[in-house]
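Me: I would like to learn how to read a protein model feature by feature, with the cut-offs stated as we go. Could you take me through this one?

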Amino acid sequence: MALVFVAEFDIGEGSTLRHAEPAGLLARAEDGAERAAVAELMLPEGSHHREADWTYFFLRPAADGQLSARCGEPAVAPPGEGWTEKSDQLLAESSKAGGGGRDAGDEGEGATGGSAAHLAPFNPTSDAAVAAALQLLQLSPEDTLLDVGCGDGRVLVAASLASGCSCVGVETDPALVARAAARAEAAGVADRVRVIHADATATPLAELGATAVFLYLVPKGLAIVWPAVKPLLVSAGGIARAVTYVFRAPDGEAVESEVRLGPVSCFLYA
């Protein structure tokens, strides 16, 4: 039986699994965070910055009964058991819309290439993840929340609305900085939410007065930023704490608490 997954990135929704064949596979993933996590793993690095990009993954049983995986052109997996006309139609339509498949190891134009200025692609944090992070951080009006790579500011705005805390975000994309400012203004918390347009790796995070930190970064981004965040957990008189989403802090940092969201989690460090 052939298994087909189609993932796409939408600037408003983030990474999403749009189709699975057989269809029952997607129906089993009832948690939106679970579908988003699978889609994020499928998408090639840099796809979040491209106007159109498609990657096809094909899983087929080998002669020994083991599943083999390959991504690329649709031709690598000819129709077989479990493959339907709907699969062919979907692949044809998506090829017309976004171009042919691209090898997952090919960064291509628009990829980050490991630049320190791109600690993670923009992937909007789900409402469930925001709620879990706020549950762990236990913010109060006396706190200042720092979001490194804050994107469109949704975590900052939600935190300020829920607790009355001050918030500061660092974001390298000017378009996202503008969206974050507009979101804070529309929510009536512009006086408590500040977004700095800067490269976080060149920003003195310790000078921002944070007592709480939220990080939704890829592992290499966490490895870059964590050395600047960890001292905050000590220098703030023992009251500071940090939450990472999806990925744990590097170097085996001890987790104080965890909230699971399907196959992913929010991790608290204090």
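This is a predicted model: local features need pLDDT of at least 70, side-chain atom pairs count only at pLDDT 80 or more; totals for chains, interfaces and linings use all residues.

Me: How is a nonpolar core defined, and which residues have the most contacts inside the largest one?

Reply: A nonpolar core is a set of buried Ala, Val, Leu, Ile, Met, Phe, Trp, Tyr and Cys residues joined through side-chain atoms within 4.5 Å, where buried means under 20% relative accessible area, exposed means over 50%, and partly exposed lies in between (1.4 Å probe, protein chains only). Here the largest such core has 29 residues, and those with the most contacts inside it are Leu 139, Leu 145, Phe 214, Val 243, Tyr 245 and Cys 266. At least two residues of this core come from each of helix 4 (127–137), helix 5 (154–163), strand 8 (212–215), strand 9 (241–245), strand 10 (257–261) and strand 11 (264–269); helices (H or I, at least four residues) and strands (E, at least two) are DSSP runs, numbered from the N terminus. Helix 4 gives the largest share, 7 residues. There is also a second, separate core of 24 residues, which includes Val 168, Val 213, Leu 232 and Ala 249.

Me: Which residues of helix 4 are buried, and what covers them?

Reply: The buried residues in helix 4 are Ala 129, Val 130, Ala 132, Ala 133, Leu 134, Leu 136 and Leu 137. Their cover includes strand 5, helix 5, strand 8, strand 9, strand 10 and strand 11, with contact taken as heavy atoms within 4.5 Å. After helix 4 comes Gln 138, whose phi is positive, near 50°.

Me: How do the buried residues of helix 7 lie around its axis?

Reply: In helix 7 (residues 219–229), the buried residues are Gly 221, Leu 222, Val 225, Trp 226 and Val 229. They cover an arc of only 120° around the axis, so they are on the same side of helix 7; the arc is that of the directions from the helix axis to the C-beta atoms.

Me: What counts as a salt bridge, and how many are there?

Reply: A salt bridge is a side-chain nitrogen of Lys or Arg within 4 Å of a carboxyl oxygen of Asp or Glu, and by this rule the count comes to 6. One of them joins the side chains of Asp 143 and Arg 241 (2.8 Å, N to O). This pair links distant parts of the chain, 98 residues apart, with Asp 143 in the loop between helix 4 and strand 5 (144–148) and Arg 241 in strand 9. Asp 143 and Arg 241 are both buried.

Another bridge is formed by the side chains of Asp 152 and Arg 183 (3.2 Å, N to O). Because Asp 152 lies in the loop between strand 5 and helix 5 and Arg 183 in helix 6 (residues 174–187), the pair ties together parts that are 31 residues apart in sequence. Asp 152 is buried, with a relative accessible area of 2%, whereas Arg 183, at 32% relative accessibility, counts as partly exposed.

A further bridge joins Arg 260 and Glu 258 (3.4 Å, N to O); Arg 260 is exposed at 53% relative accessible area, and Glu 258 is partly exposed at 34%. Salt bridges that share partners also join Asp 152, Arg 154, Arg 179 and Arg 183 into one network.

Notes: Residues are numbered from 1 along each chain as its sequence is written. Side-chain values use heavy atoms; hydrogens and water are left out.
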